[in-house]
Amino acid sequence: MAYVRAIATLALTLVGLLLVTFSFSALSPVDPALQLVGDHASKASYEKARHDLGLDQPWPVQFERYVVRLAHGDLGTSRSTGQPVSDDLKRVFPATFELATLSMIVAALVGVGLGVLAAWRPSGALDSVIRILSLVGNSVPVFWLGLLALMLFYARLQWVGGPGRLDDAYEYTIDMPTGLVLVDAWRSGVQGALGSAIAHLVLPVLVLASNAVGQVTRLTRAAMIGEAGKEYVTLARAKGAGEARILVSHILPNITGVLVIVLALTYASLLEGAVLTETVFAWPGLGRYLTTALFAGDTPAILGGTLLIGCCFVFINRLADLLARTLDPRIR
Amino acid sequence: MLAHAASPPDILVVVQSLDDIVSLDPGAAFELSSIQVCASVYDRLVRPDRTQPSILRPELAASWQIGADGHSLDFELTPGARFAGGHPVRPEDVVFSLGRAVKLNLPAAVTLNALGWNADNIGRYLLKVDTRHVRISWPQEVGPIFALSVLAAPVASIVDAVEVQQHESGGDAGNRWLSSHSAGSGPFKIRRYIPHEALVLDANPLAPGGAPLLKTIVLRNVADAATRRLLVEVGDADIARDLGPDQIAALQGKRGVKTLRWPSAATHYLILNTANPANPALKNPAVWEAARWLIDYEGIANKLLQGQFQVHQAMLPTGFPGALNTTPYHLDVAKARSILAAAGLGAGVTIKLDVFNQPPFIDIAQSMQATFAQGGINLQLIPTEAAQVYARMRSRQEEAAWLYWIPDYFDANSTAAAFASNGENGTHNVAWRAGWEIPELSAQTKAAVEARDPETRNRLYLAIQQVVQANSPFVFAFQERTELVMRDRVQGYSQGLEPDMAYYDRVTK
């Protein structure tokens with residue numbers, strides 16, 4: 001019964017998401033037919049394009065047609081790439097997934113670590129420094145930080161690879177069956193390919209993680225300090241436990257439920273919010289795909305991408321709920 | 001760890017925006033990037049000369065003869081020419097290629113439609129004569145010079161009919177397959193196309209014009225101009241396209257890079273909509289005249305845009321046959337004021353100006369706003385997404401707009417038919433969008449396209465341009481320059497006026 005309810009909730013959520021996205025697409029000033037035929041097209045060509053795209057129908061009819069096709073597993077054809085949307089998503093999603101996942105790992109390790117350190121001596125010097133750093137991390141625009149990092153570490157110092165996923169010697173020559181550059185470079189067996197992939201990943205991962213680190217740090221710190229006033233902490237301290245032991249062995253396990261939720265929300269936002277990082281680093285992911293589709297009035301691509309992000313969001317949240325319940329008996 | 005920063009020696013890496021590509025089928029390609037690519041992948045019967053584009057050179061046609069009726073051309077195909085896949089180039093391929101482009105009836109077909117061809121009649125006008133000859137005729141009252149110009153356009157590229165027919169699906173004439181694959185005889189062939197990411201071209205050793213000098217070209221989609229600048233500066237890219245004036249300036253004097261400039265066919269102009277009832281002043285030729293004296297041509301071209309534009313005040317771009325190259329107007333606020341005062345508009349005029357919400361359009365519009373205000377015209381800028389500006393113009397809702405124009409093919413008629421002819425109610429016709437009623441000028445434009453003698457055509461187009469320059473609701477102001485930054489080691493690249501005149505086959509590095 002619980003599964004049926006979960007599936008029904010998921011379906012309703014996704015239909016609602018599609019409806020909202022479709023409505024916004026319909027309200028967009030971008031005319032998909034004009035985008036397709038170009039400004040020099042005759043009136044007849046323009047009207048034909050509108051008819052072929054179904055734009056001469058009322059938008060509820062257009063939406064119904066889309067949902068019916070979707071129910072048959074057809075996401076439609078992208079107007080800006082000319083390819084099936086499902087093929088496009090299979091190509092671009094792994095790039096974003098890899099970038100967001102690695103950024104998430106960095107953000108979790110650094111953010112939780114800094115949050116614990118900050119909670120060690122609240123309002124102390126270390127806490128102040130960490131709070132300022134996390135505020136900066138949260139506030140600095142990713143676009144600016146990305147360009148600055150490229151100019152310093154790529155253009156000037158040449159410590160890391162530049163924009164793109166691989167050096168040109170490897171890119172477009174090795175097969176990418178999984179779409180994950182680390183995996184495919186490693187499996188290719190081509191000497192130097194894996195090193196090139198790592199060199200190209202370092203900057204975008206760190207830049208994307210920088211924003212998330214600030215968020216995770218602040219929430220971890222708040223949860224740790226909130227927990228520090230509990231009686232079991234006082235008891236542990238009375239029994240002579242050291243501060244480090246109290247923080248790591250007593251408090252941290254008790255905030256794992258909160259941490260899982262925080263990390264899940266952060267991960268979901270990284271998956272959907274990598275647009276600027278992908279633009280600066282010429283990273284061919286879902287964010288760039290959706291941005292291009294939006295400017296082209298490419299409704300099938302916009303809906304397909306939104307649907308995928310929606311599914312990820314719902315899946316990650318459900319997984320986080322399950323994990324939190326498993327890890328924290330208090331919320332079962 | 002030290003990252004290696006240099007593109008491989010046998011691969012040319014070009015960074016640019018490829019986001020506009022919808023299809024690489026030459027029968028469908030109508031975007032700047034796809035047209036540019038098709039030019040390297042496909043040959044045509046004839047093509048403009050690289051350095052003197054007004055002269056047409058044989059490509060897949062070894063020679064041609066004008067039919068006695070003046071409405072047909074007999075082509076002899078180049079002996080021994082082969083497609084990249086190995087099939088010989090036959091008259092059947094010519095018939096198939098032109099026929100499919102017309103029947104697909106996609107936006108690019110508008111160029112071929114100028115010959116009077118449509119999906120129903122095209123079969124009557126393409127004829128295989130024998131194994132080496134093909135006859136092409138047309139019903140439209142246009143001369144053979146114009147017909148040759150149309151056949152030199154990208155949409156008239158010749159595809160390998162055998163190869164394409166093997167990939168037909170659902171009667172699409174191979175359109176879906178060709179959108180990401182190639183079947184041409186040009187110097188390169190498509191190895192791999194990843195939409196919004198990259199296009200990889202390999203050398204075609206069978207190219208009738210000779211194999212290219214480099215093995216591979218990688219066109220990488222890098223949407224952000226600042227990132228493109230870094231890539232070429234470091235050496236990971238060999239050529240960077242579409243950099244802004246600031247980025248170009250920042251690269252001046254840097255070791256290892258050079259900036260090259262060529263005139264482009266893109267012109268920028270002001271359109272005043274005389275058919276907008278909300279602003280009757282726009283019908284007044286005094287407003288048109290005053291506007292001509294209120295643009296800071298030199299300041300915008302040389303200071304604001306740092307030479308990426310040149311002053312050009314006629315309809316046809318410099319480099320086109322028959323182009324008018326006079327620049328009689330300059331910024332003269334006092335003169336504009338006196339013109340408006342003489343017309344009873346001394347109290348001032350207010351005009352809403354639609355403009356694309358991106359550089360350089362918005363920068364130019366802001367400069368104009370300042371100088372127009374000095375002259376007594378209050379320009380109210382409406383920065384808008386490009387597609388929305390075009391949509392408003394197609395329904396004649398705009399008062400005025402700042403726009404650019406690129407001819408569809410290398411012939412004066414492509415531009416003249418849009419700006420100096422208003423014989424039909426066509427939303428695509430720029431004169432119609434301006435509400436400019438010009439029966440006499442329309443007749444002159446028709447006579448020019450029908451003329452068979454090049455000198456006569458040029459003379460007619462000069463006269464038409466003089467009218468548009470002096471007394472029309474269009475103010476042509478600038479012609480773009482194509483600016484490329486490339487590594488010093490790159491040699492042999494050449495670029496013509498039109499987007500399809502990007503030549504990579506003689507590049508070395």
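**Domains, helices and a chain-to-chain contact**

Mentor: Let's start with chain B, which splits into domain 1 (11–18 + 187–260 + 484–503), domain 2 (32–177) and domain 3 (264–481), the bounds coming from an automatic or database domain assignment. This is a predicted model, where local features need pLDDT of at least 70, side-chain atom pairs count only at pLDDT 80 or more, and totals for chains, interfaces and linings use all residues. Residues are numbered from 1 along each chain as its sequence is written, while chains are lettered from A and ligands numbered from 1 in the order in which they are written.

Trainee: Is helix H9 (residues 285–292) of chain B largely enclosed or left open by the rest of the structure?

Mentor: Helices here are DSSP runs of H or I with at least four residues, strands are E runs of at least two, and both are numbered from the N terminus. A residue is buried if 20 or more other C-beta atoms lie within 10 Å of its own, exposed if 12 or fewer, and partly exposed in between. The buried residues of H9(B) include Trp288(B) and Arg292(B), and the buried set packs against elements of chain B, among them strand E12 (257–272) and helix H11 (333–342). Six of the eight residues are buried, so H9(B) is largely enclosed.

Trainee: Which element gives the largest share of the side of chain A that touches chain B?

Mentor: Across this interface, 43 residues of chain A are in contact with 43 residues of chain B. Elements giving two or more residues on chain A's side include helix H2 (32–37), helix H3 (43–52) and H7. The largest share, five residues, comes from H7(A).

Trainee: How do H7(A) and H7(B) lie relative to each other?

Mentor: The axes of H7 (residues 142–156) of chain A and H7 (residues 225–234) of chain B come within 11 Å and cross at roughly 5°. Axes are lines fitted to C-alpha atoms, for helices over the stretch in contact, and angles run from 0 to 180 degrees between N-to-C directions. Angles under 35 degrees count as roughly parallel, over 145 as roughly antiparallel, 65 to 115 as roughly perpendicular and the rest as oblique. H7(A) and H7(B) are therefore roughly parallel.

Trainee: And inside chain A, what does the crossing of H5(A) and H15(A) count as?

Mentor: Helix H5 (residues 85–120) and helix H15 (residues 299–327) of chain A have axes that come within 10 Å and cross at roughly 50°. That makes H5(A), relative to H15(A), oblique.

Trainee: Where is Thr217(A), and is Thr217(A) buried or exposed?

Mentor: Thr217(A) is in helix H9 (residues 193–228) of chain A. Leaving aside neighbours within four places in sequence, the contacts of Thr217(A) include Gly111(A), Leu114(A) and Ile130(A). With 27 C-beta neighbours inside 10 Å, Thr217(A) counts as buried.

Notes:
Two residues are in contact if their C-beta atoms, placed from the backbone, lie within 7 Å.
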